[in-house]
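Reader: Please take a close look at one part of this model, the aromatic rings and their surroundings. I would like the geometry spelled out, with the cut-offs behind each term.

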Amino acid sequence: MKNSLISRKEKILEAALVLFAKNGYADTSTKEIAVNAGVSEALIFKHFGNKDTLLSHLIKSGYRRVLQHHRGMMTYKSAKDFLKNMIFLPSKLVAEEPMFWKLQERLSHIPFSKSQHEQFMKPVHPIIIRAFSELGYQNPEIEAQYLLLVIDMLWKKEACGEIENSIDLALLLEQKYQLL
């Protein structure tokens, strides 16, 4: 019985992620999620309490997965390797979990989602500054700010399907910073 509850809970999470990403949070009802998951609406409330908690769970678990799968990429080995990893990370993340990142893009203006993303990125900023310092850049703080803005724009544009050449743009950044 426990296995069927877990699988039904996962079905709810999968259906909610797809519907929130495609239709938006406000335009998705718990009834739609239930129908798409093949469960009763009451089961959603049993597992999550309300739609806000369901969304919160999706966002937090999404960032946990990213951290678990990409811990090695965020390890500092050398300045060039770290910057290269940061430049190519958005494309990898969006390719691995397109619906999660599409949802994040749609919710980027909502305080909870924004704070989760900022928490995710916060440890990276000082490391990027360190990398630019080690590479001898005149103003590493501004370079870090610029690179983070470009990375932020790249994943958002890729997640919502507005660009298809993100790898080419990442290669351009790699060349710009002479990370080859």
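Author: The charged end of Arg130 sits over the ring of Tyr76, 3.8 Å from the ring centre. A charge counts as over a ring if NZ of Lys or CZ of Arg is within 6 Å of the ring centre and within 35 degrees of the ring normal. Lys51 does this too, lying over the face of Tyr25 at 4.4 Å from the ring centre.

The model is predicted, so local features need pLDDT of at least 70 and side-chain atom pairs pLDDT 80 or more, whereas totals for chains, interfaces and linings use all residues. Residues are numbered from 1 along each chain as its sequence is written, and side-chain values use heavy atoms, with hydrogens and water left out.

Now the ring pairs. The structure holds 11 aromatic pairs; rings of Phe, Tyr and Trp (its six-membered ring) pair if their centres lie within 6.5 Å, with planes under 30 degrees apart counted as stacked, over 60 as edge-to-face and the rest as tilted. One of the pairs is Phe100 with Trp101, which is edge-to-face at 5.0 Å centre to centre and 80° between the planes. Phe100 and Trp101 are both buried (under 20% relative accessible area; exposed is over 50%, partly exposed in between, with a 1.4 Å probe and protein chains only).

Another pair joins Phe132 and Tyr177, where the ring centres are 5.0 Å apart and the planes stand at 50°, so the pair is tilted. Phe132 belongs to helix H8 (residues 124-134) and Tyr177 to the segment after helix H10 (166-176), so the pair ties together parts that are 45 residues apart in sequence. Phe132 is buried, as is Tyr177. In that segment after H10 lies Gln178 as well, which has a positive phi of about 55° although it is not a glycine. At 59% relative accessibility, Gln178 counts as exposed.

Ring pairs also link Tyr63, Phe100, Trp101, Phe120 and Trp155 into a cluster. Phe120 is placed in helix H7 (residues 111-121) and counts as buried, at 6% relative accessibility.

Next, the helix packing. The axes of helix H6 (residues 98-106) and helix H9 (residues 140-159) come within 8 Å and cross at roughly 110°. Axes are lines fitted to C-alpha atoms, for helices over the stretch in contact, and angles run from 0 to 180 degrees between N-to-C directions. That makes H6 roughly perpendicular to H9 (65 to 115 degrees; under 35 is roughly parallel, over 145 roughly antiparallel and the rest oblique). H8 and H9 pack with their axes 8 Å apart at an angle of about 125°. H8 is therefore oblique to H9.

As for the whole, the protein chain has 10 helices and 0 strands, where helices (H or I, at least four residues) and strands (E, at least two) are DSSP runs numbered from the N terminus. Buried residues make up 43% of its 180 residues. The C-alpha atoms of the protein chain fill a box of roughly 60 × 30 × 25 Å, taken along the principal axes.
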